[in-house]
Amino acid sequence: MRFLGSIEAKTDVKGRAFLPAIFRKELQDSYEEYLVMRKDVFQPCLVLYPASVWNRQTETLRSRLNRWDSRHQQIFRQFVADAEIVSLDANGRFLIPKRYLKMAGISQEIKFIGMDDTIEIWSRDNADKPFMEPEEFGASLEEIMKQDINGGQTV
């Protein structure tokens with residue numbers, strides 16, 4: 001499952017949005033039953049996780065946390081408590097609850113950004129924030145791609 005692209009859209013007065021058709025098709029082709037929405041940990045946007053991706057993410061997080069460590073429990077609790085199941089209606093619409101709109105600073109103008117196995121939803125006003133300047137992006141990508149994955153050494 002791969003979500004690619006950047007698509008501008010609008011929410012209606014109730015906070016509903018149409019999931020772009022290209023993303024809906026990808027979900028249908030993968031037989032995903034529902035999505036999970038949460039505020040991104042680092043950026044002022046919302047993230048839609050297909051159920052299988054959400055389950056994998058929470059299992060990975062849980063495997064790195066100790067249930068008997070109170071701070072670890074707080075981290076896990078906060079991660080899952082800020083999540084909500086999202087279902088699409090017959091027209092491909094879904095509701096973005098008001099609290100999520102507020103968390104991400106979204107009014108009506110939004111941008112969907114395909115992020116490989118997840119979909120981000122940005123306020124159109126903030127949609128340029130997650131990106132680097134072209135020179136910085138090129139230099140950073142070059143540095144990362146030069147590294148040997150096994151030893152972290154430059155090849």
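A pocket is an open set of points on a 1 Å grid over the protein atoms alone, with protein on both sides within 12 Å along at least five of seven lines, and lining residues have an atom within 4 Å of a point. A volume is the space filled by probe spheres set on the points, which are joined across faces, edges and corners.

The model is predicted: local features need pLDDT of at least 70, side-chain atom pairs count only at pLDDT 80 or more, and totals for chains, interfaces and linings use all residues. Residues are numbered from 1 along each chain as its sequence is written, and side-chain values use heavy atoms, with hydrogens and water left out.

**Exercise 1.** Describe the second largest pocket by volume and by the classes of its lining residues.

*Solution.* Step one: the volume of the second largest pocket is about 180 Å³. Step two: its lining includes Asp 40, Phe 42, Tyr 49, Gln 57, Met 115 and Glu 120. Step three: the classes are 6 nonpolar, 2 polar and 3 charged residues, where Ala, Val, Leu, Ile, Met, Phe, Trp, Tyr, Cys and Pro count as nonpolar, Asp, Glu, Lys and Arg as charged, and the others, Gly among them, as polar.

**Exercise 2.** Determine how the buried residues of α2 are arranged about the helix axis.

*Solution.* Helices (H or I, at least four residues) and strands (E, at least two) are DSSP runs, numbered from the N terminus. Step one: the buried residues of α2 (under 20% relative accessible area; exposed is over 50%, partly exposed in between, with a 1.4 Å probe and protein chains only) are Ala 51, Val 53, Trp 54, Thr 58 and Arg 62. Step two: seen down the axis, these buried residues fall within an arc of 165 degrees, so they line one face of α2; the arc is that of the directions from the helix axis to the C-beta atoms. Step three: the face turned away carries the exposed residues Glu 59, Ser 63 and Arg 64. Step four: the buried residues pack against β3, β4, α3 and β5, contact meaning heavy atoms within 4.5 Å.

**Exercise 3.** Characterise Ser 123 and Glu 109, which are in contact.

*Solution.* Step one: Ser 123 lies in strand β8, and Glu 109 in strand β7. Step two: Ser 123 is buried, with a relative accessible area of 2%, whereas Glu 109 is partly exposed at 26%. Step three: leaving aside neighbours within four places in sequence, Ser 123 also touches Ala 104, Gly 105 and Ile 106, while the contacts of Glu 109 include Ala 9, Lys 10 and Trp 122.

Definitions and conventions: On a 1 Å grid over the protein atoms alone, a cavity is a set of points where a 1.4 Å probe fits but cannot get out, and a pocket is an open set with protein on both sides within 12 Å along at least five of seven lines; lining residues have an atom within 4 Å of a point.
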